[in-house]
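Subject: Structure handover

Hi there,

Here is the structure I promised to pass on.

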Amino acid sequence: AQSKSMPAASFMVSQMHRRGALEPMARKLFLVLACGLLLSLNVAVLGDGAASVMDKDGDGKVSMEEFVEHAAEQQQEEACAADGTCAHKEEPEAGTATLRETPQSAEEAEAELAMAQAQLLAAKKELEEAVKNGVAVEMSSANAAAVLDGSSNIFIKFSTSWCGHCVRMAPDWKSLAKDIHKDYKGCLVVSVDCEKEAQLCQAFSVQGYPTIMLLKTTKTPEGEIAYEPVKYEQAREKGAMLGFLRDKGAAKAKNWIMATVKQLLGSVFNIQVQMPK
């Protein structure tokens with residue numbers, strides 16, 4: 001099997017619309033992801049799995065500060081690899097003062113915030129178009145904040161083109177996305193290409209392919225929006241996945257009777273039934 005067990009993670013999303021934590025460029029947005037990160041993030045790693053690389057202090061949780069620090073380190077490493085500027089990096093001597101970056105002005109922060117909000121709106125329009133067309137939403141670092149905004153449950157698949165299991169389940173995943181987005185409400189079917197979005201997959205601690213999980217919306221004791229992850233370990237076919245989502249209360253039929261009939265006919269006789277508008 002190409003899928004290994006993955007440690008559960010709780011992704012908490014708190015609304016940060018009025019904070020200046022939004023970044024304007026896609027590269028700076030790449031880790032503003034795992035739970036609507038343009039809106040803020042807090043990742044708690046639970047269970048007996050491996051801790052996240054973003055957990056700097058080893059307390060089992062990834063705070064917003066640790067998340068931003070990890071993003072900055074990733075960007076710096078990429079810059080070093082590209083131009084070799086860090087090849088001979090030297091640590092400053094004790095007592096030596098270091099230069100700090102010039103603080104960002106209020107005007108610059110406001111301009112970046114406006115740009116990031118515009119990018120978020122554009123990403124939301126693309127998401128709405130995918131749902132309207134009955135196709136899986138392709139999540140990337142650029143649109144993760146729009147996808148993971150806490151408004152819907154997320155049934156997400158992490159895969160690669162060279163994974164045989166991923167290729168074989170592709171038709172069922174495509175059919176599932178069509179049914180969920182056309183006939184149900186409260187759930188998004190989301191795909192992540194880990195060849196293109198390696199850092200996004202790393203943030204979710206993906207260890208094998210395909211990795212499929214349900215991110216079910218909930219709230220923290222403090223009242224913040226959160227996602228409760230539930231690993232999917234059943235058959236990789238549409239009927240089983242649809243039944244899982246319905247059993248978990250993650251997807252609610254727009255027309256319960258017709259949805260049930262459609263599911264039964266589709267699974268037993270492979271008959272396609274058109275849901276009434």
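Let me start with S191, which sits in strand β7; helices (H or I, at least four residues) and strands (E, at least two) are DSSP runs, numbered from the N terminus. Before going further, please keep in mind that this is a predicted model, in which local features need pLDDT of at least 70 and side-chain atom pairs count only at pLDDT 80 or more, while totals for chains, interfaces and linings use all residues. Residues are numbered from 1 along each chain as its sequence is written, and side-chain values use heavy atoms, with hydrogens and water left out.

Back to S191: its relative accessibility is 6%, so it counts as buried (buried means under 20% relative accessible area, exposed over 50%, partly exposed in between, with a 1.4 Å probe and protein chains only). Its side chain makes a polar contact with the side chain of W173 at 2.8 Å. A polar contact here is a pair of N or O atoms within 3.5 Å; within protein, one must be able to donate a hydrogen and the other to accept it, and residues adjacent in sequence count only if both atoms are side-chain atoms. Leaving aside residues up to four places away in sequence, S191 touches A136, V137, E138, M139, K157 and W173, where contact means heavy atoms within 4.5 Å.

M139 also turns up in the largest nonpolar core, which has 24 residues; M139, I154 and F158 touch the most other members. Such a core is a set of buried Ala, Val, Leu, Ile, Met, Phe, Trp, Tyr and Cys residues joined through side-chain atoms within 4.5 Å. Two or more residues each come from α3 (106-132), α4 (144-147), β5 (153-159), β7 (187-193), α6 (198-203) and β8 (211-219). A second, separate core of 22 residues includes C187, L242, L245 and A253. C187 is buried, at 6% relative accessibility.

β8 pairs with strand β9 (residues 225-231) in the antiparallel sense, over seven bridges; strands pair if DSSP finds at least two bridges between them. T218 stands opposite A226 in β9. The two strands form a hairpin with five residues between them, and G223 in the turn has a positive phi of about 90°.

Now the charged pairs. The structure holds three salt bridges, each a side-chain nitrogen of Lys or Arg within 4 Å of a carboxyl oxygen of Asp or Glu.

- K124 and D149 meet at 2.6 Å, N to O. K124 is in helix α3 and D149 in the loop between α4 and β5, 25 residues apart. K124 is partly exposed at 25%, whereas D149 is buried at 15%.
- D179 and K238 meet at 3.0 Å, N to O. D179 lies in helix α5 (residues 164-183) and K238 in helix α7 (residues 238-247), so the pair ties together parts that are 59 residues apart in sequence. Both D179 and K238 are buried.
- K231 pairs with E233, with the closest N and O atoms 3.7 Å apart. K231 is partly exposed at 35%, and E233 is exposed at 64%.

Finally, which cysteines form the disulfide? They are C194 and C201, with sulfur atoms 2.1 Å apart, and the structure holds one disulfide (a pair of cysteine sulfur atoms within 2.5 Å). The torsion about the S-S bond of C194 and C201 is about -95°, so the disulfide is left-handed. C194 is buried at 6%, and C201 is buried at 4%.

Best wishes
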